[in-house]
Amino acid sequence: MNKQIILTASFFGLIAVVLGAFGAHGLEGKISDYHLNTWKTANQYQFYHTFALLFLSTFSRAKSPSIRVSFIAFTVGILLFSGSLYLLSIRSLLGLDGFSFLGPITPLGGLCFMIGWIGLFVAAVKHRA
């Protein structure tokens, strides 16, 4: 599982760098400042939880079910939270103005992040040094 976590974190880290650069250099002047800030928020949370995934890899040898829950929750959280914010930021550029269902997806991603942090907390409490 350690390798799977590291590979997932590496992928999300790479994508975060690419999307961060795209936001800073490719979207400036094309979307409003409000939407650019939304893009930046998505990017920040993607980075935060990519680092959280890397930290999980240090626990993964413990074979804790809580680590598996955290891994899945952080992964789904990045996809739902950051993914929906990225799309909300550029939906006018993509012609997706009618996609109002994207807004309610963001809090589900945030809930996944919370579940991931709770799983990490439980794993740390149960971990024997």
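Good morning. The model before us is a predicted one, and every value I quote is computed from it.

Let us begin with the overall picture. The protein contains 4 helices and 0 strands. Read from the N terminus on, its elements run α-α-α-α. Along the principal axes, the C-alpha atoms fill a box of roughly 50 × 25 × 20 Å. Of the 129 residues, 42% are buried. If we take contacts between residues at least 6 apart in sequence, 78% of them join residues at least 24 apart.

I turn now to the individual helices, starting with α1. This helix has 25 residues and reaches 35 Å from its first C-alpha to its last, which is close to the 36 Å expected at 1.5 Å a residue. Which residues of α1 are buried? They are Asn2, Ile5, Thr8, Ala9, Phe12, Gly13, Ala16, Gly20, Gly23 and Gly26. An α-helix has 3.6 residues a turn, so residues three or four places apart point the same way. Please keep that in mind as you read along the buried positions. The cover over the buried residues of α1 includes α2 and α3.

With a relative accessible area of 38%, Ala21 is partly exposed, since buried means under 20% and exposed means over 50%. Ala21 and Asn43 are 22 residues apart in sequence, and their C-alpha atoms are 9.9 Å apart in space. Asn43 itself is one of the buried residues of α2.

That brings us to α2, which covers residues 33-56. Does its length agree or disagree with what 24 residues should span? At 1.5 Å a residue, these 24 residues should span 34 Å, and because the end C-alpha atoms are 34 Å apart, the two values agree. The buried residues of α2 are Leu36, Thr38, Trp39, Ala42, Asn43, Gln46, His49, Thr50, Ala52, Leu53 and Leu56. Among the elements that cover them are α1 (2-26), α3 (65-94) and α4 (102-126).

Thr38 lies in α2. Its relative accessibility is 15%, so Thr38 counts as buried. Leaving aside its neighbours within four places in sequence, Thr38 is in contact with Leu85 and Ser89. Asn37 also lies in α2, but Asn37 is partly exposed, with a relative accessible area of 46%. The C-alpha atoms of Asn37 and Gly95, 58 residues apart along the chain, are separated by 20 Å. Is Phe51 buried or exposed? At 54% relative accessibility, Phe51 counts as exposed. Phe51 and Thr8 are 43 residues apart in sequence, and 11 Å separates their C-alpha atoms.

The crossing of α2 and α3 is left-handed. The residues of this contact divide into 15 nonpolar, 11 polar and no charged.

The second pair is α3 and α4. These helices pack at an angle of about 155°, with their axes 7 Å apart. How are the two oriented, roughly parallel or roughly antiparallel? They are therefore roughly antiparallel to each other. α3 passes α4 in a left-handed crossing. By class, the contact of α3 with α4 has 21 nonpolar, 10 polar and no charged residues.

Finally, we come to the loop between α3 and α4, where Ser100 has its place. Ser100 is exposed, with a relative accessible area of 57%. Along the chain, Ser100 and Leu88 are 12 residues apart, and 8.8 Å separates their C-alpha atoms.

To summarise, we have looked at a predicted model with 4 helices and 0 strands. Thank you for your attention.

Terms used:
Residues are numbered from 1 along each chain as its sequence is written. This is a predicted model: local features need pLDDT of at least 70, side-chain atom pairs count only at pLDDT 80 or more; totals for chains, interfaces and linings use all residues. Side-chain values use heavy atoms; hydrogens and water are left out. The expected span of a helix is 1.5 Å times one less than its number of residues. Buried means under 20% relative accessible area, exposed over 50%, partly exposed in between (1.4 Å probe, protein chains only). Contact means heavy atoms within 4.5 Å. Axes are lines fitted to C-alpha atoms, for helices over the stretch in contact, and angles run from 0 to 180 degrees between N-to-C directions. Angles under 35 degrees count as roughly parallel, over 145 as roughly antiparallel, 65 to 115 as roughly perpendicular and the rest as oblique. A crossing is left-handed if the near helix is turned anticlockwise from the far one by less than a right angle, and right-handed if clockwise. Ala, Val, Leu, Ile, Met, Phe, Trp, Tyr, Cys and Pro count as nonpolar, Asp, Glu, Lys and Arg as charged, and the others, Gly among them, as polar.
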